[in-house]
Amino acid sequence: MAGLDWTYGVSTLRQWESADYEPSLPVSEKSNPLTCDIDRASAYSIVKMLQVCDSQMFQKEAGTTYQRLLSDQVLKTLMEVAKRVEVIIKDPQESCVVMSGCGTSGRLAFLISSGFNKALSQLNQSEVYSYIIAGGDRALLSSQEAPEDDPRLGVLSLKKVCEGKKRVLFIGISCGLSAPFVAGQLDFCLQHPEVYTPVLVGFNPAHQARDEPIQDCTFTFHSVVQRMQELAKSQKAFLINPAVGPEAISGSSRMKGGSATKILLEVAFSAAHAATSSNTPITHNGVLQHMMEYERTLAVTYSQPDGITTLVEAAGESLRCSRHVYYLGWGSLALLGLIDASECSPTFGADYEDVRGFIRGGYRELNNNDGPLTSLGPKFSIAHEDFLHLILPCLTDKDTVLLIYTHSDDATEVGNMARRVREKTPNLHAVYHQADGDTAASLQQDNIKKLCLSTLKITWPQEALVSGTLQHMRELSTKLVLNAVSTGAHVLKGKIYQNHMIDLQVTNTKLYRRATRLLQKLSTCPEEKCEEALLKAIYRVDMLTLEMTSSDITTHTCFARNSTKVVPLALVILLTGWSLVEAESHLKQQPIVREAVAQWMW
């Protein structure tokens, strides 16, 4: 695939939009035809595939099937949301903007609220943004997916954050329009319109919202969306749900779903902040221009595919050797490192030690609601000091260390860290953001560059400094790079089957359903047989008992939290007819599922 022509035709880029392409799946769960063989691609090809997939976010609307990121209706809705944020910023008394989500969505809610609160604080204005993440602050750094299925927990969290408030703009983020945690919060907002104005952000058409019953609830996500659609006509509720195309790795909404979430909310909030500070109206053209700056961010980032490829190859080699990848970051870019690392465990069935992030200043810099979480265990040790104390003594040349910083960070401090790491391993790399024409920063950077095996230097034009969007552009750029590094590394390790997350954790209803659909697609077996194989892999038995088959999904997912390689085992059982013990034995010998099955067929 190294010689593949990356100038795809329009028909290939838009193939997923066809009515007969995986018609039973919502957009967020479809597989992307551009990446169907990513598991057999080189590192360079993986990077180019990710670039083309990310570019789908900004494709123009074609017909009436799907709204897109730049669709007129999406821009108009962003303007209206921005106007309501502006009102709250100007009159913050007993008012707030609350963002809530599960997994990546909740982590981005934290990142965005933190950044915009800092901006307000620097202007001596009241902070108005709050975040909620299913599972609480521990979910910022580790997988806590069971709470995603609990709408009552969502409501309790919302009530706690909004206690005493008389005006709340609530933004629920659910990429697939599916999370019960968020559905419960939106339903609560709809019941109390005198206080709450609900906004839903996701990336499926409204009719594709999940319509399955939610335990102990009279509503579904779909019915909540229908009520919001009706209220949207009078601007008492808002839906922001452009389709950005299937993910490069099927269902992995941490990627395009996360990027698009960041783009949409930052565009709306930035417009509100600009209007407040300049006392000028929020305009359609202003919102559009800001959106286009994010499109340019993709171009700037992916203009260096060789540099990104080097990082992917290094990280992939570390994981293949059963070693580790470490992100050492400064400021908000370090938060992107923490977020990316935390997503590897649920996405790829990885151990928390495989990819880890560390931030200068630790929890002081994180400034999360619950404060330091180090008492919860070693995976919650996130400061540079923790890295130096816990990781550095055991570092080898098989581990990959990645510095993430900008020209604004203390070059002496970055250099000192680089030297400490370099004493233990030559496998040190850097992602460095610099403003065009900053010669002083370039000179300081030269000393650090000499210590690194490779440096991905991303240079931003001066107009980004003038427009005030530089920080957001650097953050999105860093997210794209780190997503490529961690995804590419796990692809090279064999954690992907075609373009599907084969080793995902089956720890909530969404993932249980996704696993069943995945087994159906890859095995072509009936749903009933696929679910039977999935249960055998969860409970580690060849014969299911009546109690197992009659239990609800919540019981299955609770048990699955202590099981590993659930989906790979189920797939091998379906494709080969092997017993559970035989399937486990073959996967131990050949952990790459596609190769294990190929060996059997041979």
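1. Ala, Val, Leu, Ile, Met, Phe, Trp, Tyr, Cys and Pro are counted here as nonpolar, Asp, Glu, Lys and Arg as charged, and the others, Gly among them, as polar. On that scheme the lining of the second largest cavity comprises 7 nonpolar, 2 polar and 4 charged residues.

2. The structure is a predicted model, in which local features need pLDDT of at least 70 and side-chain atom pairs count only at pLDDT 80 or more, while totals for chains, interfaces and linings use all residues. Residues are numbered from 1 along each chain as its sequence is written, and side-chain values use heavy atoms, with hydrogens and water left out.

3. Mean pLDDT (the predictor's confidence in each residue, from 0 to 100) is 92 for the chain, and 96% of the residues reach 70 or more. Over residues 1-5 pLDDT stays under 50, and the model has 6 contacts (heavy atoms within 4.5 Å) for them beyond four places in sequence. Where pLDDT is low, the predicted coordinates should not be read in detail.

4. On a 1 Å grid over the protein atoms alone, a cavity is a set of points where a 1.4 Å probe fits but cannot get out, and a pocket is an open set with protein on both sides within 12 Å along at least five of seven lines; lining residues have an atom within 4 Å of a point. Grid points are joined across faces, edges and corners, and a volume is the space filled by probe spheres set on the points. The whole structure holds 7 cavities of 30 Å³ or more.

5. The largest cavity has a volume of about 500 Å³. Its lining has 36 residues, with C102, E145, E148, S253 and K510 the closest to the centre. By class, these lining residues are 11 nonpolar, 15 polar and 10 charged.

6. The second largest cavity contains about 80 Å³ of space. Its lining numbers 13 residues, and L50, D54, M255, K256 and Y302 lie nearest the centre. Domain 1 (72-298) and domain 2 (304-490) each give at least three residues to this lining; the bounds come from an automatic or database domain assignment.

7. Of the 41 residues in its lining, S345, G349, A350, D351 and Q505 lie nearest the centre. The classes here are 17 nonpolar, 14 polar and 10 charged.
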